[in-house]
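Welcome, and thanks for opening the viewer. Keep the selection tool at hand, and we will walk from stop to stop together.

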Amino acid sequence: MSQQPAIEVKGLVKRFRREILQGDYTTWKTLLLKPFSRRRAKDFITVLGGVDLTMTPGKTLAVIGQNGSGKSTLLKILAGIYKADEGQVIIRGRVSSLIELGAGFHPEFTGRENVFLNGAILGLTKKEIASRFDEIAEYSGLGEYIDAPVRTYSSGMYVRLGFSVAVNVDPDVLLVDEVLAVGDEAFAHKCEDKINQFRRRGKTICLVTHDLEAVKKYADEVIWLDGGRVAAQGPPLPVIDAYRQKVAAAEDAIRRAQAHQPALILDQERWGDGDARITAWRILDAGGAERAVFNTGEAFAVEMDYEAKAPLPDLVCGVGIFNAQATLCYGVNTRIDRQVYQNPPMQGTLRFEAQRLDLLQGTYFLDIAIHDKSGRDIDYIRQAASFAVRSSVGDEGVFRPPHAWSLRPLGEAR
Ligand SMILES: Nc1ncnc2c1ncn2[C@@H]1O[C@H](COP(=O)(O)OP(=O)(O)OP(=O)(O)O)[C@@H](O)[C@H]1O
């Protein structure tokens, strides 16, 4: 018989009361009448809109998604902190959570008393807690502070004690919400070690995090929540990839909406003798679509439309790409590339095309210019546009040359 899931969630719906003031609170009359009016459906936001999931025992499931997509809410429902409005949650085994560590502590009680209180909340008997107490105290590293009231603890001490209780109560299912990002580096390593130990011991883990590298490292399966619904579920790499694409597309739309328009360029960012003007410009992808976010290694093109006031004997066009630290990452013009356009048309479109954009992740700024062949600026526009480069590889620096690694015994020919 196949093993039963550690957690089963069906049709989970969670709504929260909308906390912000609405437009209809704007008059005294509506404010005064409000307490007597009945709450309407629009006073609630649906944070989880029918989520289904199954967690296989012994596996690690990661929940990813943008801010506000409902990840923490889902975890809090699994932990029993929130109650669902609709749907079913079946949990098999003891659940311990690393969410809002130490949230259940009583400030006037000592660390020791809180360990017993917390352990009891997690379903342990007094005897069971007593037998684990030394381990919990030792792991928390609090020393004699274990007998001080927790209101005297620093936030780091609070978190360490909460973590120590949560991981030392021998849970079957561990729920983890971004704790890897809390506390100092030594604590983060301790968390990592513990999570690895849990995985080796065949425990079921549900992990909420924005750290996609951690997801790749730990997760057997990933759920992507988007607006409170499951957008994708499956093995880590394809789900992370789909999520990254969606995030990049959304960022691209925002960047394009904010892209510099000719009318918005300040005088000090533009100079030249004005014999011709660049009237419009755009950054394009391989398919000719306007884009503001690229992946490392993608094809990249810049187009500039110009209009001359009088015939130009020759025309040189250039582009410069700067990073956020204002370092010139790449600059070139047609003259360097041995191309000077003699007697160009009065109106035209110049195009720079790179088969591969081998820049690393970051934000970049584009300068564009037209000169004559003697180097006289006709129209130079600084920071005419910005674009972002995204990369799923962790290499560092400014650019990624196409490369390969190999190893051969010493002395052997290549
Ligand atoms: N107690 C609450 N009362 C009202 N609204 C809430 C409450 N808790 C969360 N929300 C709202 O629910 C939505 C989802 O929040 P949640 O914390 O689950 O998202 P998340 O995906 O974990 O986000 P993040 O990545 O920023 O941590 C947000 O719009 C948030 O404002």
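Start by selecting strand 18 (residues 362–371) and strand 19 (residues 377–390), which pair in the antiparallel sense over 9 bridges. Helices (H or I, at least four residues) and strands (E, at least two) are DSSP runs, numbered from the N terminus, and two strands pair if DSSP finds at least two bridges between them.

Before going on, two notes on what you see. This is a predicted model, in which local features need pLDDT of at least 70 and side-chain atom pairs count only at pLDDT 80 or more, while totals for chains, interfaces and linings use all residues. Residues are numbered from 1 along each chain as its sequence is written.

**Around the hairpin**

Strands 18 and 19 form a hairpin with 5 residues between them. Click on Gly375 in the turn: its phi is positive, about 100°. Then look across the pair, where Ile368 stands opposite Ile381 in strand 19.

Stay in strand 19 and select Gln383. Its phi is near 50°, a positive value in a residue other than glycine. Most residues other than glycine have a negative phi. Gln383 counts as partly exposed because it has 17 C-beta neighbours inside 10 Å. The scale is this: a residue is buried if 20 or more other C-beta atoms lie within 10 Å of its own, exposed if 12 or fewer, and partly exposed in between, with C-beta atoms placed from the backbone.

Phe322 stands opposite Phe365 in strand 18.

For a residue in a loop, select Arg338, between strand 15 (328–333) and strand 16 (341–342). Arg338 is not a glycine, yet it has a positive phi of about 55°. Is Arg338 buried or exposed? It counts as exposed, because it has 6 C-beta neighbours inside 10 Å.

Next, show the open sheet of 6 strands, whose order is 5-6-7-3-8-9, with mixed pairing. Its edge strands, each pairing on one side only, are strand 5 (95–98) and strand 9 (229–234). Neighbouring strands here are turned by 15° against each other on average, direction ignored; axes are lines fitted to C-alpha atoms, for helices over the stretch in contact, and angles run from 0 to 180 degrees between N-to-C directions.

Select strand 3 (residues 60–64), where 5 of 5 residues are buried. Thr60, Ala62 and Ile64 lie on one side and Leu61 and Val63 on the other. Strand 3 pairs in the parallel sense with strand 7 (residues 204–208) over 4 bridges, and Leu61 has Cys206 as its bridge partner there. Strand 3 also pairs in the parallel sense with strand 8 (residues 221–226), over 4 bridges, and in strand 8 Leu61 stands opposite Glu221. Strand 8 in turn is joined by 5 bridges to strand 9, and these two run antiparallel.

Zoom in on Ile64. It is buried because 26 other C-beta atoms lie within 10 Å. Apart from neighbours within four places in sequence, Ile64 is in contact (C-beta atoms, placed from the backbone, within 7 Å) with Leu212, Val215, Val222, Trp224 and Tyr243. Its C-alpha atom and that of Thr209, 145 residues apart along the chain, are separated by 6.1 Å.

Finally, select the ligand and the 11 residues around it; Phe16, Asn67, Lys71, Ser72 and Thr73 come nearest. A residue is near a molecule if its C-beta atom, placed from the backbone, lies within 6 Å of it.

Which helix gives the largest share of this shell? Helix 2 (residues 71–78) does, with 3 residues. Colour helix 2 by burial: 6 of its 8 residues are buried, so it is largely enclosed by the rest of the structure. Those buried are Lys71, Thr73, Leu74, Leu75, Ile77 and Leu78. For the last stop, click on Gly80, which follows helix 2 and has a positive phi, near 85°.

Terms used
Two residues are in contact if their C-beta atoms, placed from the backbone, lie within 7 Å.
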